[in-house]
Amino acid sequence: MIKRTAPLLAALLLGTAGMAFAQGNPPTTASPNPATAAGQQTQQGTPMGTTGTPTGQSGGTMAAPSTGMGTTTTTTTTPMPAPAQPAMRPARADRN
Amino acid sequence: MNKTFSRSCAAVVLSACCQIALASTASAPGMSVEASGVAQAAVTSGDNQRMPFAVVDKKNARLHVFAADGALQASSPILLGLARGDRSVPGIGERPMSQIKPHERTTPAGRFVSEPGRNLGGEDIVWVDYGAAVSMHRVRATNPAEKRLRRLASPTASDNRISFGCINVPATFYDAYVKPALGQNHGVVYVLPETTPLRQHFAFVPTPAAH
């Protein structure tokens, strides 16, 4: 009995795993910007030869940074504000 | 039941702490009745908004520094504006010192939200009235003719009027008490008047009839 069901169970497990593998989005080699080939961009979507990290909106005509392949997304964390220290006003002469 | 009991206990402890703190302000030696009264009223009325504060007693040329709960930290003699008066001349903050006349060299009275800052020399100071360029800083003995250090050391208050309006504090006192209390964040500075009624500047102080 066990001998009969074992291959069935194995096949079922393999099938389930296969289904699980099939659910993931395969990596794509397509460029987000058709004007440039996939091999001509950095991992951050900046033109080749550009160093540093893109600074968001100030990037001008640069492509938006890719969040990676597939369906994974990254969450950006905004820096916590410094503890309540008042912004110092411009230095000025005092009345001695 | 437990929550109510805990809250009651907390209230009793808080009240006791406030009483102790206020008692310490009232019994501080060398503090005038006016200075003590303003300090107590500032805490009991919540006027200091839980910030550390200082009381500048112009009549006695003394500075008293308090913690946010009203506990007296320390007191010191200070130097003040040469002229007696409780108002700043309009626009005086924009004028070079060479254009400030002797009778305009007042230290204004009132309630000021202080802030840490820097002057043009890069020195860390506490702004009392930024607009009128009145600050609290370490005593400056740059002009020997003014004898600022000698004036600070003398036992009398009458010779402590020499500055252009700023509050000069002994350097060691500034670093030990003023900077930790007021030089890191906002605070409140109560400058007691010398020619005008107290309540004209501090409405939170109870009238004598209310005592």
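Which residues of strand 2 of chain B are buried on one side, and which on the other? On one side they are B:Arg62, B:His64 and B:Phe66, and on the other B:Leu63 and B:Val65, with both faces of the strand covered. Here a residue is buried if 20 or more other C-beta atoms lie within 10 Å of its own, exposed if 12 or fewer, and partly exposed in between, the C-beta atoms being placed from the backbone. In a regular strand the side chains alternate between the two faces of the sheet. With 5 of its 5 residues buried, strand 2 of chain B is largely enclosed by the rest of the structure.

The structure is a predicted model, in which local features need pLDDT of at least 70 and side-chain atom pairs count only at pLDDT 80 or more, while totals for chains, interfaces and linings use all residues. Residues are numbered from 1 along each chain as its sequence is written, and chains are lettered from A and ligands numbered from 1 in the order in which they are written.

Chain A contains 1 helix and 0 strands, whereas chain B contains 5 helices and 10 strands; helices (H or I, at least four residues) and strands (E, at least two) are DSSP runs, numbered from the N terminus. Of the 96 residues of chain A, 3% count as buried; for the 211 residues of chain B the figure is 39%. Between the chains, 11 residues of chain A are in contact with 20 residues of chain B. The side of chain A that touches chain B is made up of 5 nonpolar, 2 polar and 4 charged residues, where Ala, Val, Leu, Ile, Met, Phe, Trp, Tyr, Cys and Pro count as nonpolar, Asp, Glu, Lys and Arg as charged, and the others, Gly among them, as polar.

Strands are taken to pair if DSSP finds at least two bridges between them. Strand 1 of chain B runs antiparallel to strand 2 and is joined to it by 5 bridges, with B:Asp57 opposite B:Arg62. The hairpin of these two strands has 4 residues between them. One residue of this loop is B:Ala61, whose phi near 50° is a positive value in a residue other than glycine; B:Ala61 is buried, with 22 other C-beta atoms within 10 Å. Strand 3 (residues 72–77) of chain B is likewise antiparallel to strand 2, again over 5 bridges, and B:Leu72 stands opposite B:Phe66. In their hairpin, which has 5 residues between the strands, B:Gly70 takes a positive phi near 95°.

Strands 5 and 6 of chain B form a hairpin with 5 residues between them, and B:Gly122 in the turn has a positive phi of about 85°.

A nonpolar core is a set of buried Ala, Val, Leu, Ile, Met, Phe, Trp, Tyr and Cys residues joined through C-beta atoms within 7 Å. The largest has 47 residues, of which B:Ala54, B:Val56, B:Ile167, B:Val169, B:Val178, B:Val189 and B:Tyr190 touch the most other members. Helix 4 of chain B gives the most to this core, with 6 residues. Beyond its neighbours within four places in sequence, B:Tyr190 has contacts that include B:Val38, B:Ala42 and B:Phe202.

The buried residues of helix 4 of chain B are B:Phe173, B:Tyr174, B:Tyr177, B:Val178, B:Ala181 and B:Leu182. Seen down the helix axis, these residues fall within an arc of 125°, so they line one face of helix 4 of chain B; the arc is that of the directions from the axis to the C-beta atoms. In helix 2 of chain B, the buried residues include B:Val38 and B:Ala42, both also in contact with B:Tyr190.

Technical notes:
Contact = placed C-beta atoms within 7 Å.
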